[in-house]
Amino acid sequence: MDLPASAVDEAARRLLGWRITANGVTARLTEVEAYSGLGEDPASHAHRGPTGRNTVMFGPAGRLYVYQIYGMHFCANVVCGEAGKAAAVLLRAGEVVDGIETARARRPAARRDTDLAAGPAKLMQVLALTRAANDTPLFGAGPAVLAPPDAPVGPISAGPRVGVTSAHDVPWRFWITGDPTVSGYRRHTPRARSGRS
């Protein structure tokens, strides 16, 4: 997608319906979130500039940005925009369209097939991708490959992003309206601090 970093929200919308394939499983993207590193999105990992962790977000486009949360789960983003200007789209959820038995084996706790990749960490589990996939190409020889949709997606909904500690209400989460594989929305609630009063 040839869009500038300033249009990361549009890039996110356009990613819906694309297919990502890795390690014997293909998932059709049904939910994504946009993050801008141009200084106006405090929820972005790149908000304060490049670090050892987020350098890949600054381009080139078409690479995978993978990070770990809670010390055990991985999340994946598609880097967008022109080199030097950070922008990325978090892959939040998908529908497993190939390799269903492999996906079930990787996510035995899922009660239904629609739950297999209904969340960013779940999607990474069914694709068997880890931090080792960080800064690898999505078009070509990387461990994960992105392919455009076979047909246009239906209506798209937009709403606030999930679990961010700032910029709560920026409507940069996009999903295919009514798709059963979309994750549940939970607004971030700060953890209570313990200590003496």
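Mentor: Glu 31, Glu 33, Arg 92 and Arg 173 are linked in a network of salt bridges. The model is predicted: local features need pLDDT of at least 70, side-chain atom pairs count only at pLDDT 80 or more, and totals for chains, interfaces and linings use all residues. Residues are numbered from 1 along each chain as its sequence is written, and side-chain values use heavy atoms, with hydrogens and water left out.

Trainee: What makes Glu 31 and Arg 173 a salt bridge?
Mentor: The term requires a side-chain nitrogen of Lys or Arg within 4 Å of a carboxyl oxygen of Asp or Glu. The closest N and O atoms of Glu 31 and Arg 173 are 3.0 Å apart, so the pair qualifies. This pair joins distant parts of the chain, with Glu 31 in strand S2 and Arg 173 in strand S8, 142 residues apart. Both residues are buried.

Trainee: Why is Glu 101 called exposed?
Mentor: Buried means under 20% relative accessible area, exposed over 50%, and partly exposed in between (1.4 Å probe, protein chains only). Glu 101 has 55% relative accessibility and therefore counts as exposed. Its salt-bridge partner is Arg 104, at 2.5 Å from N to O.

Trainee: Why is Arg 104 called partly exposed?
Mentor: Its relative accessibility is 32%, so Arg 104 falls in the intermediate class.

Trainee: What makes helix H3 largely enclosed?
Mentor: Helices are DSSP runs (H or I, at least four residues), and strands likewise (E, at least two), numbered from the N terminus. Six of the eight residues of H3 are buried, so the rest of the structure largely encloses this helix.
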